Amino acid sequence: MGEYKHSKLHHPEMKRQILWRKAHISTQEYGIYYIDKRTGVSKKYPHIVPFESWQETLYSGIRTELLIYINVPGQEIKAHDGVHNLLSSWVLCANLYFLTKIDNRYRALLVEFLKQKVSDQITEITDVELEFAFPEDDDLHPKPLLGESTGTRGKKQTSPDVAFKVKTNDGKDGVILTEVKYTEHHFYACSTNPETAKNESRNLNPDFSRCMKPAKGYDYKQICHQKNAWQRKYMDLITFSAESEEVLQCCPAATDGYQLFRQQALAEGIAKSRRFDLVVSSVAFDGRNEDLIACMKSSGIDNFQTDWAPLFVGKALFKTWTHQEWVQFVRDNQKNGEFDEWLEYVNGRYGY
């Protein structure tokens, strides 16, 4: 893993995290970012803690329960490899949203927040899952639904960072699939792209230029290497809108929207099963991350918050909110200071 372009938010947040660790992490030893395979030299940085200390980067109020949760036998969840990086969006996701699973008061606040940001039909959160996937014997598992033949929850599989299972006001079930971002500057490129998938062992796209053509009069499904060579079902599950033909300058998964495209396909597949009355693909992100907001501009999508949903026709909704909005909602609506400790933590840690 080499150096790559960072968002404008990355460096100021890196400085914030380095200051935070001095007071909150038991060791000031630098952690390993990566090991150069050519030279064997370890690259260490001050915003990386030793891997054995990564649990100290979790909010104390979730630490014990989270570690039990991700290690349940038979359904182990793979935490991201970079959880010892203080800029980890996986840890941020846990710090901001896992408390919903273990604290009913916090869950009640999130219900009210999701009513405002996602759907006023939501009446209850029944469960919360990190790196969400249906069981392997379920036809909505990524293997049969998406054609993803390998992978586990959290590794080489379309597993939304967090999913909220909900009830609607007519008593039906819903699910909100959520991608969580911090300082990342995009939603990554298609894994068939030879320029960005050099470690892939499978046959890569022999002519990626096909994916970079404008949509006007062009059929991305027909030429999709994911579909035709890898038997992935993303393209089969989504339907492009008439508007997409006028907007898209390349396949939306090609350069910076791959994660969103896969989650869109997952949401549509779940919605088409009719097992859920409400299915939502969503993004929770840092509102200061201007690079992420505009990351797909070259694809014709100026702002993913407003311009992504109109590209598709289907049953699944697409919604977004910022971490700042959620934290402020807790600040404004908590009772008797019940979450003051958590609010102090996320303010000191992330500036929210």
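Predicted model: local features only at pLDDT ≥ 70, side-chain atom pairs only at ≥ 80, totals over all residues.
Five strands form an open sheet, in the order β3-β4-β5-β6-β7, and their pairing is mixed. The edges are β3, residues 122–130, and β7, residues 317–322; each of these strands pairs on one side only. From one strand to the next, the twist averages 25°.

Strands of a sheet pair through backbone hydrogen bonds, and the pairing can be parallel or antiparallel. In this sheet, β4 (residues 162–168) and β5 run in the antiparallel sense, paired over six bridges. A position to look for in the structure is valine 166, which stands opposite glycine 174 in β5.

## Tyrosine 188

Strand β5 spans 173–180, and the loop between this strand and α7 (220–223) holds tyrosine 188. The phi of tyrosine 188 is positive, about 70°, although the residue is not a glycine.

Tyrosine 188 has a relative accessible area of 38%. Exposed means over 50% and buried means under 20%, so tyrosine 188 counts as partly exposed.

## Asparagine 336

A positive phi also occurs at asparagine 336, again a residue other than glycine, with a value near 55°. Asparagine 336 sits in the loop between two helices, α14 (323–333) and α15 (340–350).

The relative accessible area of asparagine 336 is 82%. Because the cut-off for exposed is over 50%, asparagine 336 is classed as exposed.

Key
Residues numbered from 1 in each chain as written. Heavy atoms only, no water. Helix = DSSP H or I, 4+ residues; strand = E, 2+ residues; numbered from the N terminus. Buried < 20%, exposed > 50% of the residue type's maximum accessible area, 1.4 Å probe, protein only. Pairing = 2+ DSSP bridges. Axes fitted to C-alpha atoms, helices over the stretch in contact; angles between N-to-C directions.
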